[in-house]
Amino acid sequence: MVENRPILKIVTHLILIFGIVIVALPIWITFVASTHDEARMLQAPLPLLPGGHFFENFTKTLFGSGLAGSEVAPVWRMLLNSMAMAMMISIGKIIISLLSAFAIVYFKFPFRMGFFWLIFITLMLPVEVRILPTFEVVANLGMLNSYWGLSIPLIASATATFMFRQVFLTIPDEMLESARIDGAKPMRFFFDILLPLSRTNIAALFVILFIYGWNQYLWPLLITTDTDMTTIVMSIKQMLEAAEQSPQWNIIMMTALLAMIPPVFVVIAMQKMFVKGLTETDK
Amino acid sequence: MATISLKDLVKNYGKVEVLHHVEGEFHDGEFIVIVGPSGCGKSTLLRMVAGLETVTSGEIFIGDKMVNNLEPADRDIAMVFQNYALYPHMTVRENMAYGLKLRKFSKSDIERRVQEAATILEIQDYLDRRPRQLSGGQRQRVAMGRAIVRDPQVFLFDEPLSNLDAKLRVQMRLEIKKLQRKLGVTSIYVTHDQVEAMTLGDRLMVLNGGYVEQFGTPIDLYEKPASIFVAGFIGSPSMNFLPGHLANAHIELENGQKIPTTSVQQGDAIFGVRPEHMIVDENGPIEVVTDLCEQLGANTLVHGVLKDGKTGIVASIQGHWDYEPGSVLGFNVLPDNHHLFDKETQKRLEN
Amino acid sequence: MLKRVHFTKSWLPFALVAPQIAITLIFFIWPATQAVYQSFLIEDAFGLSTEFVWFENFQYLFTDEIYLNSFGRTIFFSAAVAFISMSSALILAGFADRVIRGATVYRTLLIWPYAIAPVLAGALWVFMFNPTLGIFPYFLEFFGYDWNHYLNGSQAMLLVILAAAWKQIAYNFLFYLAAMQAIPRSIIEAGAIDGASPIRRFWTLVFPLISPTTFFLLVINAVYAFFETFGIVHAVTQGGPANATTILVYKVYNDGFVGLDLGGSAAQSVILMIMVIFMTIIQFRYLEKKVQY
């Protein structure tokens with residue numbers, strides 16, 4: 001701050017706090033709802049302060065069959081499915097992007113630019129716009145209701161390949177030259193030099209991709225019909241539908257809370273990485 | 001330890017030929033400096049010896065082995081890069097050991113060699129630090145250390161001092177020279193700095209536009225520059241070049257003044273003389289209208305223009321002098337210090 | 001693009017790109033061409049026969065009142081989402097940039113909605129605005145305002161916009177803050193010495209200097225509102241009431257998977273693809289200007 005005006009300082013903080021309240025309000029209300037019992041959640045006005053039923057709701061949601069009267073998998077199972085999907089998508093994307101970026105930057109081979117453009121084009125094809133035919137492909141390959149079907153079609157990613165390409169291009173040429181004089185073969189160079197040097201970028205990308213994977217909605221909705229394969233994010237919609245008959249908002253909001261905890265935790269715990277990854281991947 | 005020979009080396013980038021039929025025989029243990037302005041192809045030549053650039057045509061021998069198609073790692077060379085190219089995620093020790101590890105040296109052997117090299121370069125205390133915790137000079141030493149642990153047949157240096165400040169550069173220059181003497185490893189050193197070239201090299205290869213202008217000892221290059229380019233490039237301040245006409249054992253300058261020479265050739269020529277070889281002499285044949293004097297302490301640089309001509313001239317005279325701008329000074333030059341060049345070919349005319 | 005020194009092994013680079021190329025071909029290129037192909041077909045109601053009809057599906061779409069309305073609605077929706085989330089993010093970032101102590105704390109507290117799935121964001125807002133139980137309708141009643149987004153199309157649209165904008169604030173905030181922190185302090189200080197008040201400095205110095213970020217965020221927000229808000233619409237309104245919140249992505253899904261109109265859905269997909277390609281090109285031009293290759 002250039003000038004030192006106390007009033008300005010106070011106004012600044014007040015506005016920021018107001019902003020935080022607005023941003024955090026929906027989450028606060030979710031949390032509050034998850035701490036009351038079912039009966040309290042049926043009386044208007046709904047509470048604005050937490051009640052004492054958090055752990056009861058927690059165990060009931062996590063290990064019970066979830067919502068009474070709906071046929072869904074237990075929540076712990078859904079969390080597990082979400083975790084598997086998010087991990088497979090983020091790790092898979094990182095591995096194949098690292099490999100293809102390595103090939104494109106460090107090798108001269110026929111059709112190199114052709115491959116590059118083929119990958120680039122996927123930047124323009126989000127899953128939402130080719131949803132039906134992609135679904136057909138996955139169905140034909142017999143990958144419905146499987147972790148493979150959930151993750152592999154979302155794995156190819158031009159953004160990650162671009163980012164690694166960018167990272168590799170900023171690594172001085174002399175690293176490779178020096179390594180070659182030291183006697184490193186291509187894959188040795190990849191593992192000994194390139195991977196350690198891109199460590200922070202890999203971590204940053206992991207945060208972004210984990211959130212991307214965890215939060216997938218439309219794709220799992222189409223691919224999974226088996227309740228055992230339901231992801232936690234999907235289940236919220238099913239619960240909302242069920243809520244029209246028997247609203248158990250305490251359980252629904254507890255589920256919502258559980259669904260947002262892993263990605264929120266990752267963002268906050270790895271904030272530095274995440275900000276770096278976000279502002280560098282997209283730019 | 002090995003000799004290196006370059007036989008009719010040519011390098012093309014696409015259709016552009018950037019190195020033209022380079023020849024060179026480097027003796028065992030010799031310190032060779034390749035010098036030239038930026039873009040002259042000196043780094044390319046070095047990188048061809050290293051195996052980092054392909055050879056378009058011609059042959060490179062290290063020892064008696066033709067290495068054209070060998071991987072850099074198989075040529076038994078070590079290289080020091082301009083930006084050092086230390087692996088930032090490895091400690092100094094790991095940096096030095098990496099090449100040995102890939103060559104499957106035993107653990108104890110690696111440790112012994114790293115210690116030895118570290119002792120020579122006085123970097124024992126930094127072995128567990130990472131490159132970014134080191135100063136420029138220390139990084140430079142580590143880069144050298146990484147080269148010497150392998151005990152290679154050839155050292156290659158690609159402008160290794162250009163990232164250091166002036167004082168450190170002079171100090172490291174001496175150390176490199178001493179180290180090379182001590183180890184006796186054939187070395188090729190690329191630089192654009194003629195002082196570095198003159199002080200370091202046993203022999204210098206002057207490159208210009210992809211051609212070898214001259215290859216010889218520093219004294220050869222200074223006393224008998226083979227072309228106007230070499231004459232102007234080596235020595236500071238640069239040699240004066242006075243256009244003129246050769247006839248009857250005289251060269252007649254543009255202002256009509258005649259200087260006796262021993263040359264028997266005829267025709268248009270360039271008369272070259274180094275500033276430090278200009279002797280003040282009232283009756284001297286070269287008359288200069290002075291412009292500005294620069295006092296350097298030990299000597300004075302007198303800048304001026306040839307009287308009745310337009311060619312600028314610099315003379316370096318011992319001691320402190322100050323001349324009014326516009327005064328006319330006469331200079332003489334001993335015949336041994338005359339240089340004559342053909343105007344067309346720019347090559348030296350032998351007396 | 002390529003390193004000055006590179007490897008020239010013959011088979012290894014192919015093996016390295018193979019996984020990505022295989023996935024791209026099977027799950028991106030092939031479905032996309034299928035979508036284009038299907039957009040030229042009409043299938044009868046029982047799926048027994050298909051007919052190749054060239055651009056009939058497209059012609060139909062551009063005379064279809066419902067589709068054209070949906071198009072206009074999507075534009076309005078995207079503009080509203082982008083405006084609300086970008087302007088609030090800009091204000092918050094502008095103030096956060098002034099804070100020296102506690103800036104990270106504020107940032108931490110402002111960025112987490114980014115991590116929340118769109119469908120969850122929808123669920124939270126639908127809960128807060130539940131006509132019988134929700135907190136906001138309860139308060140709105142005091143002002144004599146009746147809230148029921150299940151019946152009132154404008155209210156449904158407003159709710160979807162709010163939920164979508166809320167989720168995107170965090171993202172915009174991060175980019176604005178990063179852009180502002182990248183402005184050299186000396187420029188701001190020079191402005192202060194020239195006598196510009198903080199607000200004036202913001203509009204005449206900071207805002208013009210971060211205009212590339214604004215442009216970039218406009219494209220990103222448009223893409224977000226067009227495609228990633230599917231979950232919000234699906235959770236909050238399911239496109240209703242009476243199609244009042246049926247944006248294009250939702251319609252593609254609905255016509256394809258619920259209505260089983262394959263040709264029509266494919267034609268809509270193709271139009272969306274063209275729009276994404278258009279936006280990607282705009283964004284890439286921006287990237288090219290920024291990044292030195």
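**Chains C and A, and a sheet in chain B**

Hi everyone! Let's start where two chains meet: the contact (heavy atoms within 4.5 Å) takes 106 residues from chain C and 117 residues from chain A. A word on the model: it is predicted, so local features need pLDDT of at least 70 and side-chain atom pairs count only at pLDDT 80 or more, while totals for chains, interfaces and linings use all residues. Residues are numbered from 1 along each chain as its sequence is written, chains are lettered from A and ligands numbered from 1 in the order in which they are written, and side-chain values use heavy atoms, leaving out hydrogens and water.

Back to our two chains. About 10400 Å² is buried between chain C and chain A, and carbon and sulfur atoms give 78% of that. Buried area is the accessible area (1.4 Å probe) that two parts lose on being put together, summed over both. On chain C, the side touching chain A gets the most from helix 1 (residues 12–38), with 21 residues. A helix here is a DSSP run (H or I, at least four residues), a strand is one too (E, at least two), and both are numbered from the N terminus.

Now over to chain B. Here we find an open sheet of five strands, in the order 15-19-16-17-18, with antiparallel pairing; strands pair if DSSP finds at least two bridges between them. Strand 15 (279–280) and strand 18 (312–318) of chain B stand at the edges with a single partner strand each, so one side of each has no neighbour in the sheet. Strand 15 of chain B pairs with strand 19 (residues 328–332) of chain B in the antiparallel sense, over two bridges. Which residue of strand 19 is the bridge partner of B:Ile279? That is B:Asn332.
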